[in-house]
Amino acid sequence: MASSSWLQSFLDPNKNWFAKQHMQALSNRLRNYGLRYDDLYDPMSHLEIKEALNRLPREIVDARNQRLKRAMDLSMKHEQYKHHLGAIFKIC
């Protein structure tokens with residue numbers, strides 16, 4: 001049990017500088033596809049995530065689904081998200 005709590009604190013970005021740096025680097029790479037770090041959470045693998053998504057307003061869940069669809073489309077086309085278009089159309 002002690003090793004589990006140590007591992008959780010090691011991976012927690014709020015407690016570990018290296019985990020925070022990794023989270024920021026990953027967030028920057030995700031932004032190339034118009035995603036947020038929180039979009040990576042899978043509701044099928046964790047019941048807490050599924051429940052949290054059920055409690056969110058419908059617009060936020062729809063926006064998340066749109067970001068995921070857009071990211072898959074951009075990945076298949078080997079393109080990156082154009083941030084200036086997102087600002088124009090209020091995307092993300």
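Predicted model: local features only at pLDDT ≥ 70, side-chain atom pairs only at ≥ 80, totals over all residues.
Residues are numbered from 1 along each chain as its sequence is written, and side-chain values use heavy atoms, with hydrogens and water left out.

**Largest pocket**

- The largest pocket holds about 230 Å³ of space. A pocket is an open set of points on a 1 Å grid over the protein atoms alone, where a 1.4 Å probe fits, with protein on both sides within 12 Å along at least five of seven lines. Its volume is the space filled by probe spheres set on the points.
- The lining consists of Arg36, Asp38, Asp39, Tyr41, Ile49, Ala52, Leu53, Leu56, Ile60, Ala63, Arg64 and Arg67. Lining residues have an atom within 4 Å of a point.
- Seven lining residues are nonpolar, five are charged and none is polar. Here Ala, Val, Leu, Ile, Met, Phe, Trp, Tyr, Cys and Pro count as nonpolar, Asp, Glu, Lys and Arg as charged, and the others, Gly among them, as polar.
- Helix 3 (47-55) and helix 4 (58-77) each give at least two residues to this lining. Helix 4 supplies the largest share, four residues. Helices are DSSP runs (H or I, at least four residues), numbered from the N terminus.

**Salt bridges**

- The whole structure has four salt bridges. The criterion is a side-chain nitrogen of Lys or Arg within 4 Å of a carboxyl oxygen of Asp or Glu.
- In helix 3, arginine 55 and glutamate 51 are four residues apart, about one helical turn. They form a salt bridge, with the closest N and O atoms 3.0 Å apart.
- Lysine 77 forms a salt bridge with aspartate 73, and the closest N and O atoms are 3.1 Å apart. Both lie in helix 4, four residues apart, or about one helical turn.

**Exposure of the paired residues**

- Relative accessible area sets the classes: buried is under 20%, exposed is over 50%, and partly exposed is in between (1.4 Å probe, protein chains only).
- Arginine 55 is exposed at 68%, while glutamate 51 is partly exposed at 38%.
- Arginine 58 is exposed at 55%, while aspartate 62 is partly exposed at 33%.
- Lysine 77 is partly exposed at 47%, and aspartate 73 is partly exposed at 36%.
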